Amino acid sequence: MDLGRHTTNVVAADFTGDGQVDVMSHSAGATRLFVGPGWRMQVVDETRDRDAIHAAVLDVDQDGDPDFIGARYSPGLIYWVETPSVEKQAAGSWPMHVVDDQVNGIHGLLTGDVDGDGKLDLIANSGQPVGPFRNSVVWYDLPSKPATTVWPRHVAADQDAPGLSHYLGVGDLNGDGRADLLTAAKGGPQAEPGTGEWFAWWSAPADPRTTGWKKQVIAADQPGATNLTPVDVNRDGVMDVLATRGHGLGVVWFEGPHWKEHPIHPTLASPHCLAVADLDGDGDSDAATCAYESKVAAWFENDGHGVFRTHLLDEDQCAYDMRAVDMDRDGDLDILVAGQLSKNIVWYENGTR
């Protein structure tokens, strides 16, 4: 899908209820639905001052269909676009609702079960050094009436995530049965002097709604750090972290519990997205990225022990966002890319089987 506009986010789900995968993205002041498999475009929400830098998909109102969640970077705004019934979709009625307008510098959105109640919560960063939740990571319980009720906000990283944090991770890093939270900060000339350039995680307290989260650094001196995902890379029963330096160079993984660094692809420039999944169906976790300065999209095949082989997908594609999704419903995971400087949305069909 050639869009002719800068595109930083994309999600995929069956928004139209026809059993096919659809795609949704917000750019240039509008949220656009691309109805699969033919990709007919429909503008579902249009507000010029609400460009989303990142997005998530979640059944917010628990009515059985997926909803779109977007985040404006600054001034910060998290909002969701309600997917209406199929009958109302034809009339173009897609209501927008505010989640939070008090966090600022929202670069990442992620869903995960933070409080262990079996339901997905929403996680976001507040990465700017201004405002009441400066340099923080927050998470939200989904209220029973999300369209009319204030979403309960809980602070995990409480003003101890400086340096322009980017994307997020969630998972049990220390084996205590609780969901820990992760983020990375790019640092560099746009950040406050001496801050950023790190990957870190916050261990969850017994009650994640309290302020007892404890910061632990995975790796410092990581210029341009952006993306990270907790996963057992080498299948030794200990959680590791796959990561990229999206404003720097390289794809790496850090071996837990002592975080020994292993290069996967050290020279990719600006791999500003990361998808982690079993892409070849062999039971271990692989990775994929698209580097917007190198213009390379690639996936990295894990041998099950943390040794990765690079497979090129494209050498003329720039991206800010990437998802592993079964786009064609054939039972394997494909790669969906929001083509930032490429001004497109593309997907790569999985041919590993």
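Which residue forms a salt bridge with Arg 153? It is Asp 100, with the closest N and O atoms 2.8 Å apart. A salt bridge here is a side-chain nitrogen of Lys or Arg within 4 Å of a carboxyl oxygen of Asp or Glu, and the structure holds seven of them. The model is a predicted one, in which local features need pLDDT of at least 70, side-chain atom pairs count only at pLDDT 80 or more, and totals for chains, interfaces and linings use all residues. Residues are numbered from 1 along each chain as its sequence is written, and side-chain values use heavy atoms, with hydrogens and water left out.

Strands (E, at least two residues) and helices (H or I, at least four) are DSSP runs, numbered from the N terminus. Asp 100 counts as buried at 6% relative accessibility, while Arg 153 is partly exposed at 29%. Buried means under 20% relative accessible area, exposed over 50%, and partly exposed in between (1.4 Å probe, protein chains only).

Arg 209 and Asp 115 also meet through their side chains, at 2.7 Å from N to O. Arg 209 sits in the loop between strands S15 (198-203) and S16 (214-219), and Asp 115 in the loop between S9 (109-112) and S10 (121-126), 94 residues apart. Arg 209 is partly exposed at 40%, whereas Asp 115 is buried at 17%. Asp 141 joins these two in a network of salt bridges.
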